[in-house]
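Biologist: Could you take a close look at how the helices pack in this one? I'd like a single connected walk-through.

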Amino acid sequence: MEYLAIIVITFISGVCGTGIGGGVGAVLRRDSGKAVSLLLSFAAGIMLAVVCFDLMSEPIGMMNAGTLPSYTPVIVVAAVAVGYAVVYLLNFVIDRHTNREVKHIDRDHPATADDLDELIHADHYATHKNSKTNLFIAGLVMMSAIALHNLPEGMVIGASYASVENITSNLFSGSGFIMAIVIGLHNIPEGMAVAVPLISGGMGKAKAVGLTALSGLPTVLGALIGYALGGINSIMLVLSLGFASGAMLYVVFGELLPESILMWKSKLPALAVFIGVLVGFLLVMF
């Protein structure tokens, strides 16, 4: 029953999140960059609060209660570093393959995603309208890369739920549920990044949205792995929580914040992060 609950919640977060992004990409409004910037910033703030006030503090509380050794903080730091490094490498692969869809960098293809069209690669379609085959292949590459990227994100949700005593009664509360929500929000622009090249490359909108949603399935597998590992013993729970924290810290500082600030050079994304941290703190505490 517990594993079924994990499957349901991560299916909604991973598959529905990317699917919604694909749907948005299919009917995209080109003036929605500011709204996406604030959404990314707010999600980053909530993630940061959950990591600092819950995921990384849970092992310390267990150590103070005498159930873990005194060197637990060292284990946490090592696990956080590994989680950060793994997601960094996955994103390095994604960026490298994404750049290959356009063989040059100029004023029409800047290296930074400071506009919604660039973030979802619709700018490439505007410049290369006759290169539908390349766009279609680029969409498939993005779909595969993001599917791989969703695996550790699913582990974050699973590891968060592993620290919950009665998951069936607390499925819609606590850090696991919060992470499922914010990862689902984070998956929306990723779904747009997959769907737009596919549609621009000639694929039907319904089929493109369906394939985009499928790229979120590894989230479910990752959640099951994270939950299973975290349930083995206390040390494995600490390692799972640390890995999850590192993965989320990279998502916050390596993806969400740079993209949101580049997309809207304003003080408002920083304010959205601040509000997100406060909301995340309240969600964790209550």
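Modeller: Let's start with helix H1 (residues 2-26) and helix H9 (residues 205-214): in this predicted model, their axes come within 7 Å and cross at roughly 150°. With an angle over 145 counting as roughly antiparallel, H1 and H9 are therefore roughly antiparallel to each other. The crossing of H1 past H9 is right-handed. On the H1 side, the contact is made by Val-15, Thr-18, Gly-19, Gly-22, Gly-23 and Ala-26, and H9 brings Lys-205, Val-209, Thr-212 and Ala-213. Sorted by type, the residues of that contact come out as 4 nonpolar, 5 polar and 1 charged.

Now for H8 and H11. Helix H8 (residues 174-200) and H11 have axes that come within 13 Å and cross at roughly 35°, and here H8 passes H11 in a left-handed crossing. Met-179, Ile-183, His-186 and Glu-190 of H8 meet Met-248, Val-251, Glu-255 and Leu-256 of H11. That contact splits into 5 nonpolar, 1 polar and 2 charged residues.

Two of those names turn up again in the largest nonpolar core: of its 49 residues, Met-47, Tyr-161, Met-179 and Met-248 touch the most other members. Helix H11 (residues 234-263) supplies the largest share of this core, 13 residues. As for Tyr-161, if you skip its neighbours within four places in sequence, its contacts are Ile-6, Ile-9, Ile-167, Asn-170, Leu-171, Gly-176, Phe-177 and Tyr-227. There's also a second, separate core of 10 residues, with Ala-193, Val-194, Ala-195 and Leu-198 among them.

Note on methods:
Residues numbered from 1 in each chain as written. Predicted model: local features only at pLDDT ≥ 70, side-chain atom pairs only at ≥ 80, totals over all residues. Heavy atoms only, no water. Axes fitted to C-alpha atoms, helices over the stretch in contact; angles between N-to-C directions. Helix = DSSP H or I, 4+ residues; strand = E, 2+ residues; numbered from the N terminus. Parallel < 35°, antiparallel > 145°, perpendicular 65-115°, else oblique. Left-handed = near helix turned anticlockwise from the far one by under 90°. Contact = heavy atoms within 4.5 Å. Nonpolar A, V, L, I, M, F, W, Y, C, P; charged D, E, K, R; others polar. Core = buried A, V, L, I, M, F, W, Y, C linked by side-chain atoms within 4.5 Å. Buried < 20%, exposed > 50% of the residue type's maximum accessible area, 1.4 Å probe, protein only.
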